[in-house]
Amino acid sequence: MQQKTVTTDILEIAYREYGAPDGWSCIMGHGFPYDVNAYAETAPILAAAGARVLVPWLRGYGPTRFRFAGTLRSGEQAALGADLLAFMDALGIERAIVGGYDWGGRAACVVSALHPERVIGLVSGNSYNIQNIARSMEPASPPEEAALWYQYLFHNERGRRALERNRRGFARQLWTMWSPKWTFDDATFETSAASFDNSDFVDVVIHSYRHRYALVAGDPAYAGIEAKLAAQPPIRVPTIAIDGDSDGVNPGTAHHAGKFEGFFERRVFTDAGHNLPQERPAEWAQAVIDVRKAAAS
């Protein structure tokens with residue numbers, strides 16, 4: 001494993017690379033509030049299967065940095081998708097298996113939907129991860145609403161201050177609630193928690209959870225992408241979607257199947273929560289290998 005950095009128009013993106021440089025390209029994205037260590041066990045399995053595995057820190061996390069002080073610290077879905085595409089361009093990667101969960105899965109879904117020619121196959125935690133912002137004020141069931149307490153807190157300045165003052169406390173609370181059967185230790189948590197010390201972390205997170213409810217404007221640079229995502233485009237690349245049966249924030253996505261055209265398979269990881277690749281590294285790696293086989297056939 002090597003840690004590297006690549007430059008895009010907006011970011012200096014730090015990433016980990018596993019496997020041979022001439023292996024088949026595989027890009028995996030982490031979520032909030034996690035980091036690249038979610039793939040610390042998955043990536044070597046894929047590298048052993050011949051992959052060149054690239055795991056970038058998202059904007060606002062770890063060593064990834066904005067290049068310019070004046071750039072809006074946006075966490076909107078279009079920005080995450082644009083970052084993934086720019087990452088591929090900067091590394092000269094024409095096509096890749098892409099995947100992830102939470103924010104990283106959203107970026108992979110955005111690129112898969114809007115740029116299918118760049119994607120060999122998709123592995124998506126919680127299936128169709130593109131937000132329907134126009135319907136963001138439609139209420140869900142009481143249990144689902146209760147699970148989103150952190151998002152609603154982030155909508156006001158009390159939430160911003162709480163996250164700024166206690167990033168680790170918030171993240172650990174969410175890890176525990178979202179993956180109730182995952183017995184991670186202090187060292188595992190602290191290894192990832194260092195990524196939340198990024199000076200842009202709070203701004204990016206707060207913008208993300210306000211933008212998805214249309215409470216703040218997005219970055220005008222991504223307005224065209226957001227307009228395309230507002231149409232809720234289908235995903236046509238070969239896809240394996242994964243849910244954990246003990247996910248404390250997402251009750252399951254079987255109803256998303258209609259958003260996928262072509263090869264589609266949904267898997268449910270037993271006793272797994274939200275942080276799927278870190279909780280079930282071998283099973284996640286197998287899904288990546290299987291979707292590559294499906295794409296080839």
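Start by selecting α4, which contributes the most to the lining of the largest pocket, with 4 residues. Helices (H or I, at least four residues) and strands (E, at least two) are DSSP runs, numbered from the N terminus. The model is predicted, so that local features need pLDDT of at least 70 and side-chain atom pairs count only at pLDDT 80 or more, while totals for chains, interfaces and linings use all residues. Residues are numbered from 1 along each chain as its sequence is written, and side-chain values use heavy atoms, with hydrogens and water left out.

The largest pocket has a volume of about 1,300 Å³ (on a 1 Å grid over the protein atoms alone, a pocket is an open set with protein on both sides within 12 Å along at least five of seven lines, a cavity is a set of points where a 1.4 Å probe fits but cannot get out, and lining residues have an atom within 4 Å of a point). Next select Q131, E144, L148, N250 and H256, which are the closest to the centre of this pocket among its 40 lining residues.

Select P56, L58, L80, L84 and A107, the closest to its centre of the 18 residues that line the cavity. Finally, colour α2, from which the largest share of the cavity lining comes, 4 residues.

Notes: Points joined across faces, edges and corners; volume = space filled by probe spheres on them.
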